[in-house]
Amino acid sequence: MKVLYITPIHQSFFIKSASSKLNYNKVASGLEDMCSGQVKIIVMHFREYIENINDVPQNSYLFYTVTRNSAYRSYLLDAILYLKDVRPDVNLIPSLDMFLSYGNKGYQELLRKKLKLGNLSGHYFGDITDLQDKHLVFPSVIKLPYGSGSRQVGLVNNLAEIRKFVDLHKGSVTSVKQLRFYLSRFVKSLYKGESDLENYNNHYYLNRTPFILQEYIPGLQHDFKVLVFGERYFVLKRYVRDNDFRASGSGKFHFETPDEALLNYAKEVFEKLDVPFISLDIAQDDKKCYLIELQGIGFGMPTLTRSNGYYTYDSHANRWVFVEGKSEVEANYSQALFNYIGVDENI
C-alpha cells in the first residue's frame with residue numbers, strides 16, 4: 001500500500017492570503033474516496049512529520065506547502081533540505097525545484113535552462129557588474145527575482161535604463177549601514193582614495209541587486225494563465241494593460257477557447273516538470289509559445305474558481321476536449337494527487 005502524508009503548517013489550512021486557502025482535510029477526504037483503500041493518507045503537522053522522519057515508511061509521499069512569511073519559509077526550506085539528505089526515498093510533492101521557484105524568478109530562469117523549457121532566452125545576474133556585452137540585447141524585459149505580479153518588472157532599451165532600474169530597486173539597508181555608506185563616500189571625496197573596507201562596502205557589500213534579463217516578445221497583446229491539475233487544464237486569457245507590455249495584474253481577462261498549440265505547449269512543459277499540478281504564464285505569437293513564469297506551489301486559484309470548465313486531452317480521439325462545469329479547488333488537488341501517485345483505477 002502506498003502512503004501519502006499531508007502536512008499543513010497551520011491547523012487544517014494552508015493560507016497563502018486572506019482570499020486563498022486550501023483545506024487539506026477536504027483534499028484527504030476526496031482522495032480517500034478515489035483510492036479504494038490503495039493509499040493510506042495521514043494528515044500530520046509539518047513539524048511533527050520532520051520530528052518523526054525515521055518512522056516514515058519507505059518510498060512514501062509528502063504533500064507539503066509554503067508560506068509568504070519569509071522567516072517561516074526559511075525554516076521550511078531547511079527542513080526540506082534535511083529531509084532530502086536523510087530520507088532521499090521520500091517523494092516530495094511538490095518537488096524541491098518547485099519550492100525553490102516559489103516567488104523566485106531567478107531560480108525559475110535557472111530551472112528553465114536545466115530542463116530545456118526553451119523558446120525564450122534569459123539570464124540571471126547576481127549584480128549589474130556581472131553584465132557583459134553579449135548579454136545586452138535590446139529591448140529586454142528586466143525583473144527582480146522576488147516579488148509577485150508585475151510590480152518589479154520593466155522594459156529596458158539600453159544599459160543606462162538597466163542601471164536606472166537596478167538603482168531604483170536596490171535592497172533596503174539599515175540606517176547604520178546607510179550611515180557607514182555615506183560616510184565612506186564622504187571620506188573618499190576628501191582623500192580621493194578608498195581603504196579596502198570602504199571599497200568592500202561601496203562596491204560589494206551594499207551594492208548587490210540580483211536581476212533577470214529576459215527576451216522581449218514584441219507586439220504581444222495578451223498572455224495566458226494556465227493551471228494544470230493532472231489531466232485538467234484551466235486557461236485564462238489576460239490582456240495587456242493600456243500603453244504597457246505586461247498582462248499580469250492588468251485585471252483585463254477573458255475565458256476564451258485557446259488554440260491547440262497553446263494547450264500542447266502547456267502539456268509539454270507540464271510533463272517535463274514531473275509534478276502533479278502547476279501554474280504557467282505562457283505568451284504566444286504567430287510563430288510559437290513562450291514560458292514566461294511558473295509556480296508549482298502556493299499559486300492563486302481565480303483561473304480555476306472562475307472558470308466554467310477545463311480542457312483535457314482525449315488520447316483515443318487524439319484531440320483536446322472541453323469539460324464544462326464548475327469545480328472545487330480541493331477536488332482538483334485530490335484528482336491531481338490521484339493521477340500523480342499512480343493508483344490503479346481498475347482495482
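The legends below describe close-up views of a predicted model of one protein chain.

**Figure 1. Overview of the predicted chain.** The protein chain holds 11 helices and 17 strands, and of its 347 residues, 47% count as buried. Among the contacts in the protein chain with a separation of 6 or more, 65% are accounted for by residues 24 or more positions apart.

**Figure 2. Strand E1 and its two parallel partners.** Strand E1 is formed by residues 2-6 and is mostly covered, with 4 of its 5 residues buried. With strand E4, residues 39-43, E1 pairs in the parallel sense over 5 bridges, and within this pairing tyrosine 5 has isoleucine 42 of E4 as its bridge partner. With strand E5, residues 61-63, E1 also pairs in the parallel sense, here over 3 bridges, and the bridge partner of leucine 4 in E5 is tyrosine 61. In a regular strand, side chains alternate between the two faces of the sheet.

**Figure 3. The largest nonpolar core.** This core has 27 residues, of which Leu4, Phe63, Phe229, Phe277 and Tyr333 touch the most other members. At least two residues of the core are supplied by each of E1, helix H1 (24-35), E4, E5, strand E11 (222-229) and helix H11 (329-341), and H11 gives the most, with 6 residues. In soluble globular proteins, nonpolar side chains tend to be buried together.

Figure 4. Leaving aside residues up to four places away in sequence, phenylalanine 229 touches Phe234, Pro276, Phe277, Phe299, Met301, Leu304, Asn332, Tyr333 and Ala336.

Figure 5. The residues that line the largest cavity are Lys105, Gln108, Glu109, Arg112, Lys143, Ile212, Gln214, Ile292 and Glu293. H5, strand E10 (211-215) and strand E15 (289-295) each supply at least two residues of this lining, and the largest share, 4 residues, comes from H5.

Figure 6. Most peptide bonds are trans. In this model, however, a cis peptide bond joins isoleucine 93 and proline 94, with omega about -5°, and proline 94 is found in the loop between strand E6 (91-93) and helix H4 (96-101). The peptide bond from phenylalanine 138 to proline 139 is likewise cis, with omega near -5°, and proline 139 lies in the loop between strand E7 (122-125) and strand E8 (140-143).

Figure 7. Most residues other than glycine have a negative phi. Lysine 116, although it is not a glycine, has a positive phi of about 55°, and its place is in the loop between helix H5 (105-114) and E7. With a relative accessible area of 63%, over the 50% cut-off, lysine 116 is therefore exposed. Aspartate 274, also not a glycine, has a positive phi of about 55° and lies in the loop between helix H9 (260-273) and strand E14 (277-284). Because its relative accessible area is 52%, aspartate 274 counts as exposed.

**Figure 8. Aspartate 286 in the loop between E14 and E15.** Aspartate 286 is found in the loop that lies between E14 and E15, and at 74% relative accessibility aspartate 286 counts as exposed. The C-alpha atoms of aspartate 286 and leucine 220 are separated by 9.9 Å, while the two residues are 66 residues apart along the chain.

**Figure 9. Cysteine 35 and cysteine 289.** The count of disulfides in the model comes to 0, on the rule that a pair of cysteine sulfur atoms must be within 2.5 Å. Cysteine 35 counts as buried because its relative accessibility is 1%, which is under 20%. Cysteine 289 is also buried, with a relative accessible area of 5%.

Notes:
Residues numbered from 1 in each chain as written. Predicted model: local features only at pLDDT ≥ 70, side-chain atom pairs only at ≥ 80, totals over all residues. Heavy atoms only, no water. Buried < 20%, exposed > 50% of the residue type's maximum accessible area, 1.4 Å probe, protein only. Pairing = 2+ DSSP bridges. Core = buried A, V, L, I, M, F, W, Y, C linked by side-chain atoms within 4.5 Å. Contact = heavy atoms within 4.5 Å. 1 Å grid on protein atoms, 1.4 Å probe; cavity = no way out; pocket = protein on both sides within 12 Å on 5 of 7 lines; lining within 4 Å.
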